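Here is a short briefing on one protein model.

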Amino acid sequence: MTEQTAPKSPLTAAEFADEIREALKYTQGVTPEQAKTADIYVATATVVRRHLMDSWMKTQQDMINGNTKAVGYLSAEFLMGKQLRNALLNAGLTPQFEEAVKDLGFDPQAVVDAEYEPGLGNGGLGRLAACFIDSLASLGVPAFGYGIQYKYGIFRQEFDEEGRQIERPDYWLSNEDPWGHIDYERDQRVNFGGKVVEENGKRVWKPDWSVRAIPVDYMVPGYASGRVNTLRLWQARSYDEFDLLTFNKSEYLDAVKPQVKAENISKILYPEDSTEAGKELRLEQQYFFASASIHDAIRVFYKDAEKPDLTTFADKITFQLNDTHPVIGIPELMRIMIDEYGYDWDTAWAVTTKTFNYTCHTLLPEALEVWPVALISKLLPRHMEIIERINKQFVSELESKTDDESKIERMLIVTNDENPVVRMAYLATYAGSSVNGVAELHSQLLKDVTLRDFSDIYPAKFKNVTNGVTPRRFMKIANPRLSALITEGLGTDRWLEDLDMLQGLAPLAQDDEFVKKFAQVKYDNKLAFADFSKKRYGVELDATTMFDTMIKRLHEYKRQALKILEVIATYADIKSGKVKVEDLTPRTIIFGAKAAPGYYLAKMTIQLINNVAKVINNDPDVMGKLKIFFPYNYNIEVAQMLIPATELDEQISQAGKEASGTSNMKFALNGALTVGTLDGANVEIRERVGADNFFLFGMTVDEVEKLYADGYDPSKYYEADPRLHAAIDMVADGTFSGGDKNTYAPLVSDWLTKDWFMTLADFSAYHDIQADIDTLYGDQLEWNRKAILNVANSGYFSSDRSIEDYLDRVWHTHSLDK
Ligand code: GPV
């Protein structure tokens, strides 16, 4: 497939090869004969960067000199995935790369594989940030991604003999990182601790320690836009390498203490996802990158001016707060304007409230960040004063708008109890211009439930922007076969920039020849995944079975337990003879999931899945009709292999709990059918692809709420459904723990007595829908027609569309002129 609309490069493959040779020599210091695959990778990356350099510099110039407001996407996570293929695609250099590398005697895919995947994110939230900066660049919107260059990303997951998750450090920076440019000259000082004193009637912060924030710049090339934006990730370094006096006393460890303390700030990504991680170090991380980024934006947009006119700051850049992690940036901008540049409170407030917007990514109350006042006071005493004053001003504003005292009490940014905390989501909602949810249902529930009081008083702030995913990485790169077929079907590859064009495929769902080609693509993708699983994991998969996949963080609300219980129930049916194995639709059930290291029930669920796999996969009675595959260390690379190979996608969270989901979008765009609840973006996917082309089951949000209100008793469902009963008994009786009845006792007890996310209540509905799935799967032509309709009608879920919605509804800015 040609890249017709990608920028035409004058470079030939032979020239590309020469440039690789040159980079091998002048940056690696090796000859082509000495070069290892990893050297070729580094050299290629160097060459690609060089070819993007003019566009990068021009984009920066146009951004600074033009009058277009830029976007600063502040995010503690950017889950980028491997960079090489993306950079090649967007630079329009893929064909030259393939040929040049072959000429040098290397396998292009091996070169791509040599890149160590940067895992600077946990899951959906971090991947969303990566999709958004791709789309911003592709649309030509001037933008910075601002975050942290963690030394260790998300842990590498392994499974031990017992099937338990083991976490290993992710040493991604122990390999060369040809993409990141460390810019020592544009560092920032970030202060911590100390106290605030009164000097000449002014509050003056006297911090007692500082950290040097050094930017590491990554290019973010747009697809076919000629634009290259910047992802600026901050690295924490110490100002004093070590204390010479202590060192001379031979107390080496003590001597490096300040260095260790400073550098710890960017050392590790917290592996928490949708749960609160209330750690001092995490607040240090948040302030570290928020402060450095805001100062950086001032430096960039006022060209290092001594006395910048910050009253125009909100016209230069708008900051999107990706969840509450960067919300400490709000009092930081206030402090910078008042303390560093001498503005009065009201001026600073007017600018700050125009500058920030907040995206919420959850409905789980436990995931809404709060910080103890005591901790903020210790670490950031001046910020605490500012937050108190914001709170005071907020309360008087509320008093002018409502007489409802209890409502005001509920809304306090700083709580009133004996251990007061700052509610970061409330601070962001009050101080920001806009607050948005990430899918229609989620945004509605934010207004009706989570932030109801705020939406009563500030209705105009509340917006929806439904998430999206980049079709470049998740279609063109991950699924070249389908991409080629789409281009053939549409007669152009412009759909990669305008994903609504996929609608043109809808009539082809009635064209049997096209449907067969589509089925062949899916089958070839399954074979490719089977090959990958064999090579990487030593596991043989049968590509003639249905590939049924559930990939997402392991969390109770996402309900991996529902899936595994259904598999166990089927296994129990086989063992008891209720179901004849010959009648089963053969399925390969694939899980990918990491659990937060401290999340006990989630980790136990991983152990259970692994042990169910061990038993079922090896039981001759199953005759290979059911096979579970749980590849360890699920990441972007695995996602890119697995999503194109999947036929059935599991989106089975309890209604009202998944804010959006984004793998659901990737699956639909790659021609999988979804079995799912009316939750998150599933609702919008189903509306678009059509109810006939989506397997809906389970309780709605209203039914869930009613059941909570009526008093939920999971044991009733256990008693009422013999299949569920048998499945839970099988977990309890030691079938999956070598006869030991204690192994899963906490899980079983939770199911029977608590089951907060109502797995048991949705079990029979989930079982019933399986028959519909199997029946349709039996008619491959019909199945694939529906799969094509999923592709054709999912163009809306491009992150380009999400960014256009942000531009319209939230940021009020636009692309740079071409
Ligand atoms: I809060 N999300 C996440 O990945 N990590 C978090 O800490 C929080 C939310 C996810 C949501 O769970 C998904 O529903 C959503 O699609 C994603 O953020 C992107 O919005």
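Which of the 19 residues around the ligand come nearest? They are Gly124, Leu125, His361, Thr362 and Ser660. This is a predicted model: local features need pLDDT of at least 70, side-chain atom pairs count only at pLDDT 80 or more, and totals for chains, interfaces and linings use all residues. Residues are numbered from 1 along each chain as its sequence is written.

**Ligand shell**
- The shell has five nonpolar, 11 polar and three charged residues. Nonpolar means Ala, Val, Leu, Ile, Met, Phe, Trp, Tyr, Cys and Pro; charged means Asp, Glu, Lys and Arg; the others, Gly among them, are polar.
- The ligand lies between domain 2 (67-81 + 117-467 + 804-811) and domain 3 (471-712 + 754-795), because both give residues to its shell. Domain bounds come from an automatic or database assignment.

**Lysine 666**
- An unreviewed UniProt entry places "modified residue: N6-(pyridoxal phosphate)lysine" at Lys666. Such annotations may be inferred rather than shown by experiment.
- Lysine 666 lies in helix α26 (residues 663-669). Helices are DSSP runs (H or I, at least four residues), numbered from the N terminus.
- Lysine 666 has 30 C-beta neighbours inside 10 Å, so it counts as buried. The cut-off for buried is 20 or more other C-beta atoms within 10 Å, with C-beta atoms placed from the backbone.

**Helix α23**
- In helix α23 (residues 560-576), 13 of the 17 residues are buried, so the rest of the structure largely encloses it.
- Just after α23, glycine 577 takes a positive phi of about 80°.

Conventions: Near = placed C-beta within 6 Å. Helix = DSSP H or I, 4+ residues; strand = E, 2+ residues; numbered from the N terminus. Buried ≥ 20, exposed ≤ 12 C-beta atoms within 10 Å, placed from the backbone. Expected span 1.5 Å × (residues − 1).
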